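User: I'm new to this one and would like a close look at a single part: the place where the two chains meet. Could you walk me through it, starting with the overall build of the chain on one side?

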Amino acid sequence: MSSPVVVADRVVVPIASVEQRVDAIQAAFDERGMKATEAVAEFPHLVAEQWVPHNGARVVAKAWVDPEFRKRLLANGRAAIAELGLSMPAHHRHLVVLENSPALQNVICCTLCSCTAMAVIGLPPDWYKDLEYRARVVRESRTVLREMGLDLPPQVEIRVWDTTADTRYMVLPERPAGTAGWSEERLAALVTRDSLIGVARLNAGTG
Amino acid sequence: MDGIHDLGGRQGFGKVRYGVDAPAFHAAWEMRVNALYSLAVRAGIFNMDEYRHAIERMEPRHYLTASYYERALTSLLTLCIEKGLVTAEELQQRAQGAIPLAAAGAAGRSNAAHRERFQPGDLVRVKSDYVPGHIRMPGYIRGKSGRVVSESPAYPFPDAHAHGISAEAEPTYDVRFKSEELWPASAERAFIHVGVFQSYLERA
């Protein structure tokens, strides 16, 4: 333990750094046979290979080229993505897919914490978890989107979806013009994580 | 609880620090935190509702200045102590310093005694409930009316599940609110959809 500092009549122990705090709990878990170090070593693979926006991009591309799949996806997201071999954590019991149109923009947030459909969209980016996005996007959606580079015409309706329960959301962006005849793979390469969250739209030059 | 975490609609925050291809993590320790709290949930030490509630119980100044993953870490450490897996002294010894923890929690509650089944199109009102424990009702919808869009599968009732109280799983309703009604004359026009647990709702 670091040397205590005596301030007036109080003994103040300096606060451990975040790294030291993580080391402490990891070692405590390991000592109890919980294999924490293995879990820590495995985790970057989950992040890089399983919880990636490419999953959502594949879903979107399939929905663009296959109208029957699109119908099933909008009716029951969880069942439809399973057709592509994708699954969600057990407690995410429901996936609601929100379809954009020229007159409608759907946007996802979580004002209370930072919930997302990580198995489809990928782990949320830093700004999604920041206080600014959580506080403002429900009340000043148009301004927030404009500040983030999405300047919507005034006639476009905005729907903001606050993830307060274990239902998860994914935005189905519009298929960009000029992509007729493209393969699913090429279409999927156009789809960005931010378009799945609903803070960006796509064009044929995105990819 | 009406905690500092309940940020929806709070004013005074600046621009979103947005970048295309923004990362989820900024440091290796953040990924370790994510791995470790996930492991703790898998091991049954605590559930996600308890995890969220422990973040909400952080002292407000600490909450606002901590990064996302420091909040996650604080919840993890607090719950491992509260659940008796480790002691605060052991963690302090190992960390060689003081460890900021979340404050003790208040009581939770079970499902509402009378719960109604709603249909898409029904006009509903969010009850004016004030509870000291965990709740998944953002303050900005309290007492407000909206229209039911759809029903989602039953989930464990968070107000109970975060406190180890037995409760029935219950459905959530996707309720559509008008921003102008949530913040009269003080919001940009949009529809705000919120997943609202059945216990929080009554017929309007």
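Analyst: Chain A has a radius of gyration of 21 Å, whereas a compact globule of 207 residues would come in near 17 Å. Bear in mind that this is a predicted model. Along the principal axes, the C-alpha atoms of chain A take up a box of roughly 70 × 40 × 30 Å. Of the 207 residues in chain A, 49% count as buried. If you look at the contacts within chain A that have a separation of 6 or more, 68% of them link residues 24 or more positions apart.

Now for the meeting place itself. On the chain A side, 65 residues are in contact with 63 residues of chain B. Several elements of chain B each supply at least two residues to the side that touches chain A, among them helix H2 (48-56), helix H4 (68-82), helix H5 (88-95) and strand E2 (145-155). The biggest giver to that side is H1(B), with eight residues. Sort the residues on this side of chain B by type and you get 39 nonpolar, 13 polar and 11 charged.

E4(B) pairs with strand E5 (residues 157-162) of chain A, in the parallel sense and over four bridges. To spot this pairing in the 3D view, find A:Trp161, whose bridge partner in E4(B) is B:His193.

Terms used. Residues numbered from 1 in each chain as written. Chains lettered and ligands numbered in written order. Predicted model: local features only at pLDDT ≥ 70, side-chain atom pairs only at ≥ 80, totals over all residues. Rg over C-alpha atoms; globule rule 2.2 N^0.38 Å. Buried ≥ 20, exposed ≤ 12 C-beta atoms within 10 Å, placed from the backbone. Contact = placed C-beta atoms within 7 Å. Nonpolar A, V, L, I, M, F, W, Y, C, P; charged D, E, K, R; others polar. Pairing = 2+ DSSP bridges.
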